[in-house]
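I opened the model and kept notes as I went. The entries below follow the order in which I looked things up.

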Amino acid sequence: MKNNTKRKTIAVYIGRFSPPHEGHISIFNKLKNDFDSVYILTSEPKFLSDLNPFTYEQKLKLFFMYGIEDKYIKQLQGSGYNAPAIIKAIGIENSNEINLIIALGEKDSDRLISKRPDAYYKELPKDIKNYDDLNPASTNGYVLRFNNLSYDKNPISASGIRHAL
C-alpha cells in the first residue's frame with residue numbers, strides 16, 4: 001500500500017547481507033512497491049570471518065550486480081536497531097516527518113518487538129489502511145515481519161551460500 005499520508009513512510013531493510021541473494025532482492029522490490037522510500041542498511045564487519053566474509057564495499061558491488069543502485073544502500077554505524085542511528089543513516093533531519101518501518105525476517109523481528117507498552121518498536125498492524133494512524137518515528141518505529149519463502153520462488157539463504165564457498 002503506497003502512502004497517502006502527511007508523513008512519508010520509509011521502510012528500512014536491515015541485515016548483514018553476507019552475501020545478498022535473490023531472496024533479499026525480492027523482498028527489497030516488494031518493499032519498494034509498498035512504501036514511499038526504501039533503504040537497505042548493512043554494516044562493515046569489525047573483522048572478516050566465515051560468518052561475515054564481505055566488506056561493506058563488496059556488498060555494494062554484489063547488490064549492484066542484482067541491479068540495486070547504491071543510493072538505496074546505506075552503511076549503518078553502531079548497533080543494529082538503534083532508531084537514531086537508523087534515522088541518521090538514511091539522512092532524515094526531522095523524525096516527526098516520517099513513519100519508520102523496519103523490515104525483518106521472523107527470527108530477527110522476535111528480538112526487536114517487545115510486549116512492553118513503552119517499547120519504541122511495535123509490530124506493524126496487519127490490517128493498517130492508513131499510515132497516518134501510525135505514530136511518527138520520533139515516537140515509535142514499526143516492524144514488518146516477512147518470511148523469505150513468501151517472496152521467493154527459489155529460496156536460498158546467505159548461510160547456504162557461505163557454506164558453499
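I began with S43 and found it in the loop between strand 2 and helix 2. Helices here are DSSP runs of H or I with at least four residues, strands are runs of E with at least two, and both are numbered from the N terminus. The model is predicted, so local features need pLDDT of at least 70 and side-chain atom pairs count only at pLDDT 80 or more, while totals for chains, interfaces and linings use all residues. Residues are numbered from 1 along each chain as its sequence is written, and side-chain values use heavy atoms, with hydrogens and water left out.

I then looked up the exposure of S43. Its relative accessible area is 27%, so S43 counts as partly exposed; buried means under 20%, exposed over 50%, and partly exposed lies in between (1.4 Å probe, protein chains only). I listed the contacts of S43, leaving aside neighbours within four places in sequence: Y56, K59, Q75 and L76. Contact means heavy atoms within 4.5 Å. I also took the C-alpha separation of S43 and I14, which is 9.1 Å for two residues 29 apart along the chain.

Next I turned to the nonpolar cores, that is, sets of buried Ala, Val, Leu, Ile, Met, Phe, Trp, Tyr and Cys residues joined through side-chain atoms within 4.5 Å. The largest has 24 residues, and Y13, L31, I40 and I68 have the most contacts inside it. I noted that at least two residues of this core come from each of strand 1 (8-14), helix 1 (22-34), strand 2 (37-42), helix 2 (56-65), strand 4 (98-105) and strand 6 (141-146). Helix 1 gives the most, with 4 residues.

For I40 I again left aside neighbours within four places in sequence; its contacts are Y13, F17, F28, F63, I68, Y72, I73 and K74. Another core lies apart from the largest one and has 20 residues, among them Y39, A83, L104 and L112.

I checked helix 1 by itself. Its 13 residues reach 19 Å from first C-alpha to last, close to the 18 Å expected at 1.5 Å a residue (1.5 Å times one less than the number of residues). Its buried residues include G23, H24, I25, I27, F28, L31 and D34.

Last, I recorded the whole chain. I found 6 helices and 6 strands, in the pattern β-α-β-α-β-α-β-α-β-β-α-α along the sequence. Of its 165 residues, 44% are buried.
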